[in-house]
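User: I would like to know what the terms for cavities, domains and sheets rest on. Please go through them one at a time.

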Amino acid sequence: MTTLIKTADFIESVCDAIQYISYYHPRDFLKAMKHAYDIEQNPSAKNAIAQILVNSKMCAIGKRPLCQDTGAVTCFVKIGMDVRFEGDMTIQEMVDEGTRRAYCYETNPLRKSILTDPLGKRINTKDNTPTVVHIEMVHGDKVEVAIASKGGGSENKTHMRMLNPSDSVVDYVLSEIPHMGAGWCPPGIIGIGVGGTPEKSAILAKEALNDPIDIQELIARGPKNAEEELRLELYDKINKLGIGAQGLGGITTVLDVKVKTYPCHAVSKATTIIPNCAATRHIDFVLDGSGPAEFVPPSLDDYPDIEIGGSDANVKRVNLDTITKEEIASWKMGETLLLSGTILTGRDAAHKRVADLIKEGKPLPDGVDFHKKFIYYVGPVPAVGDEVVGPAGPTTSTRMDKFVETMLADTGLYGMIGKSERGPEAIASIKKHKAAYLMATGGAAYLVSKAIKSAKVLAFEDLGMEAIREYKVVDMPVTVAVDSQGNSIHHIGPQEWSKKIAEIKFKYI
């Protein structure tokens, strides 16, 4: 018997699924994060996990995005051979239409990050389409859909290599994980695809990220095959690297390691590693012809009650409007600060324009003055209702490393706020100019946005979320990631915690 799937039902289901995952974490993720929080011994990492969990509950209540990077949509569609679709729209067209509606949703608009003409003008499509769709024909009379919205910070940390048959997958993964830094916002999940051809291994790794987090159950019962043995070995060894939450050093770097394999050529072993961040967003649904999929909201009881840690004795309050180089020099790597005052924003495109103006000897746009200011690397979600700004978490700072010297030397900038580590060149510039780099928690975008009390565009409005804005903030929580002496918590923290973890001598985390 043939099942008829209505076009409207498919599109509505895609739209609803994307909206749902924009503000609801999967239950298995919440459980795994609570476990990571309970066992964490590094106060800075524990506080970062707490912020992510508090942010998650706030998003569930407010129905606003977990992260300002609301991702690129990937959709796996398995079509039963006894299924027929109503109308003349292709699967790609239906997924795109559902995505378009979801990202332009009136009460919860999502950030549009997809650009056309990637080698040329890189123009925003303004609806986050096109999506990436993988279609497979299977037996049966239903349509199975797995959909994910994956952020660029974690996507950019993908690694792929054609290993020799005798090469160790464990050795390869362990050699690459430290180079991923913190830009993928750990703790999260690592997906690994092994076999097939190069593109097949990447699809396997991406698909693996949609599997449930079940590593604790696997630990309890033990492995039954080579894939499960690999999962356990990598889970143990990656966590013992001590990278920790947000790269600050700590007990948990990965919540799970997922592995999928496929038969391969005798002379090769294609292997792809794809991490999923602390704003993991995915869901599965089935269409059987009876109507659109239904998505049941989780109970608030699924969210752990956690308070963001740190007593007043461990926190420094900073007035950015009266900040001096002498005060900045007193900050120590790892300290928690609460920022109040004025900050400017800017990401890749804005930095490029500013650098070009400086190079050409032209003045900056009217109203843009970085002198004695901090710049926040952020591309916020559009505001709704009475919001000053939508979810506004930090973006990966390493992309701006090549602009650091210009900004510090030629604009009078005092420092930067972002996420993840800085490279050697950027750290050298920070030390040279006695500046500082502060880190906000990736994956806590809605929480961070509540510290922003006013916002206005100063320049480059055509860049949309990448425009230069002025924020007035009150008690914005950050960590001193690189102090004025050039000490970097992302270098020192993992080194210290890998040694401490070795001393703990546990089998699994």
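User: Which residues does UniProt list for "domain: Fe-S hydro-lyase tartrate dehydratase alpha-type catalytic"?

Analyst: The unreviewed UniProt entry lists residues 12–284. UniProt positions follow the numbering used here, feature names are shortened, and annotations may be inferred rather than shown by experiment. Residues are numbered from 1 along each chain as its sequence is written. This is a predicted model, where local features need pLDDT of at least 70, side-chain atom pairs count only at pLDDT 80 or more, and totals for chains, interfaces and linings use all residues, while side-chain values use heavy atoms, without hydrogens and water. Over residues 12–284 the chain is 39% helix and 23% strand. Helices (H or I, at least four residues) and strands (E, at least two) are DSSP runs, numbered from the N terminus.

User: What makes a space a cavity?

Analyst: On a 1 Å grid over the protein atoms alone, a cavity is a set of points where a 1.4 Å probe fits but cannot get out; lining residues have an atom within 4 Å of a point. The structure has 2 cavities of 30 Å³ or more. The volume of the largest cavity is about 80 Å³, where a volume is the space filled by probe spheres set on the points, joined across faces, edges and corners.

User: Which strand gives the most to the lining of the largest cavity?

Analyst: E7 does, with 3 residues. Strand E2 (72–80) and strand E7 (143–150) each supply at least two. Among the lining residues are Thr74, Phe76, Lys150 and His282.

User: How many residues of that lining count as nonpolar, polar and charged?

Analyst: The lining has 3 nonpolar, 6 polar and 3 charged residues. Ala, Val, Leu, Ile, Met, Phe, Trp, Tyr, Cys and Pro count as nonpolar, Asp, Glu, Lys and Arg as charged, and the others, Gly among them, as polar. Phe76 is therefore nonpolar and Lys150 charged.

User: Why is the second largest cavity said to lie between domain 1 and domain 2?

Analyst: Domain 1 (3–290) and domain 2 (316–490) both give residues to its lining, so the second largest cavity lies between them. The domain bounds come from an automatic or database domain assignment. The lining includes Ser44 and Val478, and has no charged residues.

User: Why are E8 and E10 called edge strands?

Analyst: The open sheet of 4 strands has the order E8-E11-E9-E10. Strand E8 (159–163) and strand E10 (254–262) each pair on one side only. Two strands pair if DSSP finds at least two bridges between them. Strands E9 and E11 are joined by 6 bridges, so they count as paired.

Methods
On a 1 Å grid over the protein atoms alone, a cavity is a set of points where a 1.4 Å probe fits but cannot get out, and a pocket is an open set with protein on both sides within 12 Å along at least five of seven lines; lining residues have an atom within 4 Å of a point.
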